[in-house]
Amino acid sequence: MAKTILLVGVPWSTHELTPAIRDAATLGARLHLVDTEETLAALHPGLDCERVPVAALDLASVLAAARAVRPDCVVSITELTMELAARVREELGHDGTPAAAERAVSDKPATREVLRDNGLTQVRFWSTTTAELPALARTLPLPVVAKPRSLTGSAGVRMIASVADAELLARQYDAARSARFGRDRLLVETYVGGVEISAEGLVVDGELTLFTLTDKVNTQAPYFVELGHLMPSRFSAGWQPRVHGYLQRCVTALGVRTSPVHAEVKLVGDQVELIELHTRFGGDNIVALLEETFALRPFEAYFAAMLGGSAPRVSRANTTWGVAFFTVPMDQAPPAGSFAFPHPEAVMRIDFDRRTPPKLREYEGVRLMYWRAGHALFASADYAEVLADITFLAAP
Ligand SMILES: Nc1ncnc2c1ncn2[C@@H]1O[C@H](COP(=O)(O)OP(=O)(O)O)[C@@H](O)[C@H]1O
Ligand SMILES: [Mg+2]
């Protein structure tokens, strides 16, 4: 009989539903997508999954829906509903990553506390608010990085190298609105130097399989907005075992049982330091890059683990794949730039529409500094060609 996967919450990147639906079908399973009527109605009608409307995306409503659907497993593939899905699993007596682990992962101060208590971070950190940051900054060893306790996409993040920077950070927030949503509560961390990469993997019954390391291109200080990614990382050969060992200790300390992992880490000297870790696959087309680079189906691997406990297999790559975003400062229109890529033969696909407006200008009082007018995928046997095309496209 067909298996049933209850997917809690329409993902922020709705295009991820397509591979998730396909991969469930490969496993002989059907996705039942639970969300509010309004959110489900906005989905493309052609998406071939069951729609389970609830009055609100809260525990009582989703649990009632889950009891009616009687799923074989309950998952979320999107940030805001990870903990809710975990609570539903616990109520149903299902295995999987517990709600306490989801909380420790999504709340950045909580993550740091767990890492510190387990000797896994050198970062010093403080909790504050946007209003109190300038006073705190006077007492801290600068530079530091200030960020919302829990958010994504570098929204509201800023490097603070002076007290003046601490005052500038307030401009990234609408004071009244961010306070209403608690988004004015900040984590402040000592600045970690070195090179930043990400790591993609899957934890099954507590054991991490690392798929790859991924290189990252971002705007650098002060905002660190992501411009592109390349896979596999140029650091793979030298660093993969060390990053794997470190992240295994992190996921064990955090209590992750069976979840995808997208971790952002810095390589400093010969040490690995965590910036943050998610119990979902990376956004920013990381899933598409994994599929192309490794002929891997990330959602299939995750759903298979949830349905039957099987661990994934990993293959080797002989091509570098990359993604870059047409990144535009928030108050500007897409530039009338050139499409003369330095390596046109490495351009695999472009998704760009000059008429597309910003999807979001702010989130709960946190103003976004840039928006994306599209993206492009690149591939080449030569890493340097992919990097050159990404740099050409993405520099805002
Ligand atoms: N302590 C830190 N030291 C150095 N860079 C940091 C630090 N914290 C964050 N950053 C930079 O800011 C980016 C965004 O921070 P992050 O915590 O990942 O927030 P988000 O959840 O919005 O992605 C990181 O990818 C990194 O480049
Ligand atoms: Mg991040």
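Biologist: Which residues of α10 are buried?

Modeller: This is a predicted model, and a residue is called buried here if 20 or more other C-beta atoms lie within 10 Å of its own. The buried residues of α10 pack against α5, α6, β9 (195-204), β10 (207-218), β12 (259-268) and β13. The buried residues of α10 themselves are W239, V243, L247, C250, V251 and L254.

Biologist: On the same side of α6 or on opposite sides, where do the buried residues of that helix lie?

Modeller: In helix α6, which spans residues 108-117, K108, T111, R112 and L115 are buried. An α-helix has 3.6 residues a turn, so residues three or four places apart point the same way.

Biologist: What do the buried residues of α6 pack against?

Modeller: The helix itself is followed directly by G119, where phi is positive at about 65°. As for the packing, the partners of the buried residues of α6 are α5 (99-106), β5 (125-129), β6, β8 (185-190), α10 (236-254) and β13.

Biologist: Which elements give two or more residues to the shell around ligand 1?

Modeller: Ligand 1 is surrounded by 18 residues, the closest being V145, S154, E189, V192 and F224. By class, this shell holds 9 nonpolar, 4 polar and 5 charged residues, and at least three residues come from each of domain 2 (124-190) and domain 3 (193-310). The elements that contribute two or more residues to the shell are β6 (144-148) and β13 (271-278).

Biologist: Is V287 buried or exposed?

Modeller: V287 sits in helix α11 (residues 286-294), and beyond residues up to four places away in sequence it touches E16, P19, F281 and P298. Because 25 other C-beta atoms lie within 10 Å of V287, against a threshold of 20 or more, V287 counts as buried.

Biologist: Which residue is joined to P232 by a cis peptide bond?

Modeller: Most residues other than glycine have a negative phi, and most peptide bonds are trans. A cis bond joins A221 and P222, with omega about 5°, and P222 is in the loop between β10 and β11 (226-231). P232, in the loop between β11 and α10, is likewise in a cis peptide bond, with omega about -5°, and its partner is M231.

Biologist: Is D205 buried or exposed?

Modeller: D205, found in the loop between β9 and β10, has a positive phi of about 50° although it is not a glycine. Since the limit for an exposed residue is 12 or fewer other C-beta atoms within 10 Å and D205 has 10, D205 is exposed.

Biologist: Where is A295 found?

Modeller: A295 is a residue other than glycine with a positive phi, near 50°. A295 is exposed, because 9 other C-beta atoms lie within 10 Å. Its place is in the loop between α11 and α12.

Terms used. Residues numbered from 1 in each chain as written. Chains lettered and ligands numbered in written order. Predicted model: local features only at pLDDT ≥ 70, side-chain atom pairs only at ≥ 80, totals over all residues. Near = placed C-beta within 6 Å. Helix = DSSP H or I, 4+ residues; strand = E, 2+ residues; numbered from the N terminus. Nonpolar A, V, L, I, M, F, W, Y, C, P; charged D, E, K, R; others polar. Domains from an automatic or database assignment. Contact = placed C-beta atoms within 7 Å.
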